Amino acid sequence: MDFEQARKDFDAWRASYPADLYSADPALRLLNRLGLASDTARLDALERDATAFGREIVSVVGPAAQRYEHRDHLPELQRYDADGRAVEAVHFDPSYHDAGRAIWASGIVAHSGTPGRAFEQATLLYLLSTEGEAGHTCPATCTIGLARALRRRGSDAVRDRFLPPLLERDYDAVERGSQFLTEVQGGSDVGANASVAEPLGDGRYRITGEKWFCSVADADQFLLTARAIGGVAGTKGLGCFVMPREVDGHPNGFRIRRLKDKLGTRGLASGEIDLDGAIAWPIGPVEEGFKTAVSIVLNTSRWATALGSTGIMRRAYLEASAYARARTAFGNPISHFP
Ligand SMILES: Cc1cc2nc3c(=O)[nH]c(=O)nc-3n(C[C@H](O)[C@H](O)[C@H](O)COP(=O)(O)OP(=O)(O)OC[C@H]3O[C@@H](n4cnc5c(N)ncnc54)[C@H](O)[C@@H]3O)c2cc1C
């Protein structure tokens with residue numbers, strides 16, 4: 001085979017990738033049609049949005065992710081502004097935000113404002129995961145988990161203050177969430193958390209401690225676990241809190257030590273964070289914080305992780321099967337070999 005033909009075959013592999021990931025996925029479409037058979041208006045809206053998003057994943061998010069996941073364009077910690085004021089910010093390659101605008105506009109998080117939108121969110125999360133990395137899937141999932149916790153467990157005042165900005169579709173206006181449970185002494189064993197929450201007497205708490213694996217370190221709202229002073233040991237004594245990133249325009253009693261140098265999900269910023277009297281509001285009764293964190297927030301993450309895994313497998317299948325058809329070796333497409 002000549003060199004030009006080899007290049008054409010290679011290009012044919014690339015060109016065979018679907019332009020619209022939703023239409024190219026009969027199993028997903030069948031699931032939605034079965035699940036929403038009794039509500040055709042909702043099914044039509046879902047299919048319209050999923051088709052548009054399936055195209056954007058290929059035309060906008062994929063190319064952006066190729067750039068922002070590359071080792072030369074990873075997020076960087078920016079602890080001070082140009083005038084030396086502490087900002088505890090993270091700087092991203094602009095491509096990260098280009099992808100974020102397309103993703104948030106899909107309604108992937110905004111659906112959290114309407115109970116019962118699991119089919120829509122599951123479809124969008126799965127399609128987003130075919131990008132192959134979790135640079136935005138993780139922040140979207142964390143924000144969905146926080147929104148659900150606020151909606152189901154927050155007092156009226158806490159919900160009214162923190163929930164609406166999470167539900168924006170406009171990426172440049174939205175507030176994004178994160179979830180900080182893990183500490184050096186306990187990831188699986190969250191009951192070993194040593195961070196403490198001191199009541200201020202007006203419904204707010206001051207949080208002090210060290211969180212060890214904080215993905216979406218650039219989030220606007222942090223959901224976190226901490227033990228109310230005097231609370232019992234183990235999971236029963238843990239409260240679940242929401243902490244705004246800023247108070248009066250300044251970082252809210254926290255400091256990002258450094259960003260993790262990870263093997264995967266490199267496009268998103270995961271940090272180690274020290275909390276020193278950060279102001280936070282409880283989500284639901286403080287003594288039921290662990291229940292809120294696990295039954296709502298972590299269960300949301302588990303659900304999204306399962307969806308994300310299937311999306312990544314789908315991507316691997318699409319790439320591998322097309323490659324096996326396009327690549328020839330010993331005179332035959334390699335798909336013809338055992
Ligand atoms: C990319 C990435 C992003 C992350 N982002 C966040 C985040 O945003 N927020 C956050 O809070 N955390 C985050 N984490 C931390 C993550 O939640 C913890 O790594 C996880 O909970 C496991 O805890 P650990 O690493 O301390 O492992 P350990 O709990 O020390 O576990 C070590 C090993 O022991 C096993 N083990 C533990 N308990 C048992 C048991 N009872 N029975 C049998 N085996 C057991 C585990 O399966 C594991 O193999 C992130 C981690 C990664 C890798």
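Which residues are linked in a network of salt bridges? Select Arg 14, Arg 315 and Glu 319, which are linked in such a network; a salt bridge here is a side-chain nitrogen of Lys or Arg within 4 Å of a carboxyl oxygen of Asp or Glu.

This is a predicted model, in which local features need pLDDT of at least 70 and side-chain atom pairs count only at pLDDT 80 or more, while totals for chains, interfaces and linings use all residues. Residues are numbered from 1 along each chain as its sequence is written, and side-chain values use heavy atoms, with hydrogens and water left out.

**Further salt bridges**

The structure holds 22 salt bridges. Next, select Glu 183 and Lys 211, whose side chains meet in a salt bridge with an N to O distance of 2.9 Å. Glu 183 lies in the loop between E3 and strand E4 (196–199), and Lys 211 lies in strand E5, so the pair ties together parts that are 28 residues apart in sequence. Strands (E, at least two residues) and helices (H or I, at least four) are DSSP runs, numbered from the N terminus. Are Glu 183 and Lys 211 buried or exposed? Both are buried; buried means under 20% relative accessible area, exposed over 50%, and partly exposed in between, with a 1.4 Å probe and protein chains only.

Move to Arg 257 and Asp 274, which form a salt bridge whose closest N and O atoms are 2.8 Å apart. The pair links distant parts of the chain, with Arg 257 in strand E10 (residues 254–259) and Asp 274 in strand E11 (residues 270–282), 17 residues apart. Arg 257 is partly exposed at 36% relative accessibility, and Asp 274 is partly exposed at 21%.

Then select Asp 202 and Arg 204, another salt bridge, with the closest N and O atoms 3.0 Å apart. Asp 202 has a relative accessible area of 46% and is partly exposed; Arg 204 is also partly exposed, at 28%.

**The ligand and its shell**

Now centre the view on the ligand. Which residues surround the ligand? The shell consists of Gln 179, Phe 180, Leu 181, Thr 182, Gly 187, Ser 188, Phe 213, Ser 215 and Thr 265; a residue is near a molecule or strand if one of its heavy atoms lies within 4 Å of it. Strand E3 (177–180) and strand E5 (205–215) each supply at least two residues of this shell. By class, the shell has 3 nonpolar, 6 polar and no charged residues. In this scheme, Ala, Val, Leu, Ile, Met, Phe, Trp, Tyr, Cys and Pro count as nonpolar, Asp, Glu, Lys and Arg as charged, and the others, Gly among them, as polar.

An N or O atom in the side chain of Ser 188 is 2.6 Å from an oxygen atom of the ligand. A polar backbone atom of Phe 213 lies 2.9 Å from a ligand nitrogen. In the side chain of Ser 215, an N or O atom is 2.8 Å from a nitrogen atom of the ligand. The protein covers 37% of the 970 Å² of accessible area that the ligand has on its own; accessible areas come from the Shrake-Rupley method with a 1.4 Å probe, and for residues only the protein chains shown count as cover.

**A nonpolar surface patch**

Select Phe 330, Ile 334 and Phe 337, which make a nonpolar surface patch of about 340 Å². Patches are made of residues with over 30% relative accessible area and no salt bridge, like charges being joined within 9 Å and nonpolar side chains (Val, Leu, Ile, Met, Phe, Trp, Tyr) within 5 Å. Phe 330 is placed in the loop between strand E12 (328–329) and E13, and is exposed, with a relative accessible area of 82%. Phi of Phe 330 is near 55°, a positive value in a residue other than glycine. Ile 334 is found in the segment after strand E13 (332–333) and is partly exposed, at 31%.

**Final selections**

Select Glu 88 in strand E2 (residues 86–91). This residue has a positive phi of about 50° although it is not a glycine, and is buried, with a relative accessible area of 2%.

Finish at Gly 289, in helix H8 (residues 289–326), which counts as buried at 0% relative accessibility. Gly 289 and Thr 310 are 21 residues apart in sequence and 30 Å apart in space, C-alpha to C-alpha.

Notes:
Polar contact = N/O pair within 3.5 Å; in protein donor to acceptor, adjacent residues only side chain to side chain.
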